[in-house]
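This report is meant for a reader who is meeting the structure for the first time. Please keep the sequence and the model in view while reading.

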Amino acid sequence: MMRRQAGVVFFISCLCVAAMWAAYFCFNSRQPVLENGQALWGEVYWGSRLNGWEREKEGWTFTLPAEPDEGMGREERSLWVSVCSPSVRIFCDGEELKPEAGSGQEYPLPASSGAGESRRLVLSGPLCNVYVAGRANLTQWLRLKEQATWATVAAMLVLALYALVLYCCKPSEKYLLDFLFFQSLLLLWEVFRVLPDGWQASYPGLLIGRSFTPLVAIASLKYCLRLTERPLPFGLETALRWSCLPLWAVAVHVLSEAVPMLRGVVNIVLYLLGVAALSYAAARGVRGVLWPLGGMVFRLGMSPGILLLSLSAVSSRESLLFLLLRNVHFIDIPLSLAMMVFVNQKFARQFDESERLARHLDELVAERTKRLKQLQAERQSMVMNITHDLRTPLFVMRSCLDTLEANPDSLPAMLPILKERSAFVSSLTEDLFLLVKLQEGKLILSFQRECLSEVLRRLTVSMELEARQKNICLSARVIPELYVWGDGIRLQQIFQNLISNALHYTPDGGTVSVRVRTGEGEEKEGEGPEETGSVPAAPGFVVVAVRDSGKGISASDAEHIFERYFYTKSDNKHDSSGLGLSIARELTLLHHGEIFVRSEEGQGSEFLVRLPLVE
């Protein structure tokens, strides 16, 4: 699917490039060409190429017939050669033309000596493109070209400095280094354009100038590949290292010199690969990548000369004005600006992400601080409650010992009290020790296949004596042969805490019931589905409900009933550590179960434990 989307984006990009090329060819096809033997007319206003040079002994020759006396025929003309080289010499009727001061490419053309006389031009040296244009227009165009060149240099300098600042601020972002390298290349290319014409015409200058085109194309391809946000294959990453790029540029230059047609083909392939890489990034959903993609399409669409101007049928009709403007790399400015927009958007998103993370961290810190304060408050409350609960039995035990010391005969009366208080202290100590191990995750459970029915049966039988002493009816209706995966001792501890609480909060003459329901709807005769409350037993689970007819729990207390050392507002501080429900909850969770409470004040309470069954 992603490849298809990338293909669609690439196809649309190629259509845009083709449309821009078609517009150029349509405009270029209308430009007049001055053929050998054709008279100068006013239509050469835009600058026409001299086409049809003939090879003779003295060099390449071209005949200009006499100009008409009307229109723009008598306007001063200049010849413009496409290369600046000392080996290029132009003669007009045997007289050598001198280049214009400060320019090695403009040769003023003398006026015709008389009506009806033709002028014969001779070009010595290598054949190159020669244009004829009005001197006034050419001067204006050259001034415009110079201004555009310096404006482009200034723009490229600003963008290169901007890229340098970004990279210095964030050197970990590798795409910034590619952006900096690309902008630096464009800046150097523009600086090379403003160097003296004589140096540009030298062999080193020609070599460097022609190497810039493939080097910029390769650098743009590397930058586009970096924007895909995917690691490059090792071989490709190695081949596109900074140290290798000049070697690739030299290789492309040598190849293009051997086969001139390949110069444009290689460059166009490199740019199309960059468009393909950006299309793939757009299909992957890389945000903001449409900006550099649009800039690349514009750069490719505005430079059809990198491929097709090598065809004589096309280049022969290229106007001089278009040639001069094409030599100014202003078409690279939109691409650089698009890359800058992408970089800014990426930085903005990273800044937004940093702000979001900072806010999230602040929220976490605030939540953690609140939790620590809550835990500290709970710990202080727990210490105060434990101190209070220990002080009371210790005070009773000390009083009993003082009584025994003063009256040894009171031992039979004091002994039950001492046993009961010491048992409470021992139970509180065990609960505290168990809770600490649960909090630290150090409690070791011996899991095995346990019969839950047998655990509940033994537990209710053992607690019937306590229920009879309080005149409470304790009943248990348990489905036989229910097995769970757990620790028998800890399972018994869960339900013992629940039944003990139910017995304590149920007044004399009340009832406490233990009921069981499975996911298949099995329950004992005489019990409706509502007996297990609003917590259904899903298939594969069993729900054990412990219900009492006590005073119930308020809605505000029910939310905190399973917290450590929590007493209800109406609690009479009976002989309990206040940790039983908290321990029951932690043990239930360790058995992959859940525990709930349903209660209304004055209507009793019901605690439900849901555990997974095993076959």
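In which sense do strand 4 and strand 9 pair, and over how many bridges? Strand 4 and strand 9 pair in the antiparallel sense, over 5 bridges.

## Basis of the description

This is a predicted model, in which local features need pLDDT of at least 70 and side-chain atom pairs count only at pLDDT 80 or more, while totals for chains, interfaces and linings use all residues. Residues are numbered from 1 along each chain as its sequence is written, and side-chain values use heavy atoms, with hydrogens and water left out.

## The chain as a whole

The secondary structure of the chain comes to 18 helices and 17 strands; helices (H or I, at least four residues) and strands (E, at least two) are DSSP runs, numbered from the N terminus. Of the 615 residues, 43% count as buried, where buried means under 20% relative accessible area, exposed over 50% and partly exposed in between, with a 1.4 Å probe and protein chains only.

Among the contacts in the chain with a separation of 6 or more, 76% are between residues 24 or more positions apart, a contact being heavy atoms within 4.5 Å. The chain exposes about 32,100 Å², of which carbon and sulfur atoms supply 60%; accessible areas come from the Shrake-Rupley method with a 1.4 Å probe, and for residues only the protein chains shown count as cover.

## Helix 1

Helix 1 (residues 2-29) has 28 residues and reaches 40 Å from its first C-alpha to its last, close to the 40 Å expected at 1.5 Å a residue; the expected span is 1.5 Å times one less than the number of residues. The buried residues in helix 1 include Ala6, Ser13, Val17, Trp21, Tyr24 and Asn28. An α-helix has 3.6 residues a turn, so residues three or four places apart point the same way.

An open sheet is formed by 5 strands in the order 3-4-9-6-7, with antiparallel pairing; two strands pair if DSSP finds at least two bridges between them. Its edge strands are strand 3 (54-56) and strand 7 (95-96), each of which pairs on one side only.

Strand 3 and strand 4 (residues 59-64) form a hairpin with 2 residues between them, and they pair over 3 bridges, with Glu54 opposite Thr61 in strand 4. Phe62 has Leu121 in strand 9 as its bridge partner. Strand 9 (residues 119-124) is also joined by 4 bridges to strand 6 (residues 89-92), the two running antiparallel, and Phe91 stands opposite Val122 in strand 9.

## Aromatic rings and charges

A search of the whole structure finds 5 aromatic pairs; rings of Phe, Tyr and Trp (its six-membered ring) pair if their centres lie within 6.5 Å, and planes under 30 degrees apart count as stacked, over 60 as edge-to-face and the rest as tilted. Trp53 and Phe62 form a tilted pair, 5.3 Å centre to centre with 45° between the planes, and both residues are buried. Phe562 and Phe607 form an edge-to-face pair, 6.1 Å centre to centre with 85° between the planes. This pair links distant parts of the chain, with Phe562 in the loop between helix 17 (555-558) and helix 18 (580-590) and Phe607 in strand 17 (residues 605-612), 45 residues apart. Ring pairs also link Trp189, Phe192 and Phe212 into a cluster.

The charged end of Lys346 sits over the ring of Tyr175, 5.3 Å from its centre, and Arg449 lies over the face of Tyr483, at 3.9 Å from the ring centre; a charge sits over a ring if NZ of Lys or CZ of Arg is within 6 Å of the ring centre and within 35 degrees of the ring normal.
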